[in-house]
Amino acid sequence: FNLFNHLTIMENLCVAPMDLLGMGKEEARAQAMELLGMVGLAEKGDAMPSQLSGGQKQRIAIAGVVAMKPECIIFDEPTAMLDPMGRNEIMSIIKELHEEGITVILITHFMEEAVRADRVVVMHDGEVFLDGTPQEVFSQQEKIKSVNLDVPPAVDLAVKLREKGIDVPTDIIGMEEMVEYLCQYK
């Protein structure tokens, strides 16, 4: 029996700040409303957790963690079970948290998510295999592939375009950058 499944989303978001941070009920509710807005679920405060999709549950979980006012959040494969739209929503929230000054550590196998980072650390057999900016790491596509990881789609496309004689800069690692570059060739 899980008590939290019998509480509304709003009640769930208020429990920890009230119990652990000593927040008053009204302050906790105001914060919960703000967090629901931040994760795009302001209208779901009265819903039960069982009424939410996987992506919505993930966003509520993030709101619950942020309610505790952490300086750092570690996300372990937060988008693994989500559809592309859900993945984009979660990554937008993570980006917003980082922009607000929260340190974010993102563990992912999706390289198109890793290209958004300030720093990328590739682990292999429990040890650091590559470490640097996304440009530094993803410019080493053969090394990345040697440990059975994919390179970001834009990096793969850039390699294929270079093989066809198109001079694509090696520092293009994201799809948005690739689109901007290719739009020059209208």
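A salt bridge here is a side-chain nitrogen of Lys or Arg within 4 Å of a carboxyl oxygen of Asp or Glu. With that in hand, here's a quick tour of this predicted model. A search of the whole structure turns up seven salt bridges, and there's also a patch of negative charge on the surface, made up of Asp 171, Glu 176, Glu 177 and Glu 180.

**Salt bridges between helices**

- Arg 87 pairs up with Glu 113, and their closest N and O atoms sit 3.4 Å apart.
- Arg 87 belongs to helix 4 and Glu 113 to helix 5 (residues 111–114), so this pair ties together parts that are 26 residues apart in sequence.
- Both ends of that pair are tucked away: Arg 87 is buried, with a relative accessible area of 15%, and Glu 113 is buried too, at 4%.
- Arg 59 makes a salt bridge with Glu 89, where the closest N and O atoms are 3.7 Å apart.
- Since Arg 59 is in helix 3 (residues 54–66) and Glu 89 is in helix 4 (residues 84–99), the bridge ties together parts 30 residues apart in sequence.
- Arg 59 has 10% relative accessibility, so it counts as buried, while Glu 89 is partly exposed, with a relative accessible area of 27%.
- Asp 156 and Lys 145 meet through their side chains in another salt bridge, at 3.8 Å from N to O.
- That one links distant parts of the chain, eleven residues apart, with Asp 156 in helix 8 (residues 153–163) and Lys 145 in helix 7 (residues 141–146).
- Asp 156 counts as partly exposed at 24% relative accessibility, and Lys 145 is partly exposed as well, with a relative accessible area of 38%.

- Glu 177 sits in helix 9 (residues 175–182) and, at 35% relative accessibility, counts as partly exposed.
- The C-alpha atoms of Glu 177 and Thr 108 are separated by 21 Å, with the two residues 69 apart along the chain.

**Thr 8, ahead of helix 1**

- Thr 8 is in the segment before helix 1 (9–21), and its 16% relative accessibility makes it buried.
- Beyond its neighbours within four places in sequence, Thr 8 is in contact with Gly 45, Asp 46, Ala 47 and Met 48.

Definitions and conventions. Residues numbered from 1 in each chain as written. Predicted model: local features only at pLDDT ≥ 70, side-chain atom pairs only at ≥ 80, totals over all residues. Heavy atoms only, no water. Patch = residues over 30% accessible without salt bridge, like charges linked within 9 Å, V, L, I, M, F, W, Y side chains within 5 Å. Areas by Shrake-Rupley, 256 points an atom, 1.4 Å probe, with all protein chains shown as cover. Lys, Arg positive; Asp, Glu negative; His and termini not counted. Charge placed at Lys NZ, Arg CZ, Asp CG, Glu CD. Helix = DSSP H or I, 4+ residues; strand = E, 2+ residues; numbered from the N terminus. Buried < 20%, exposed > 50% of the residue type's maximum accessible area, 1.4 Å probe, protein only. Contact = heavy atoms within 4.5 Å.
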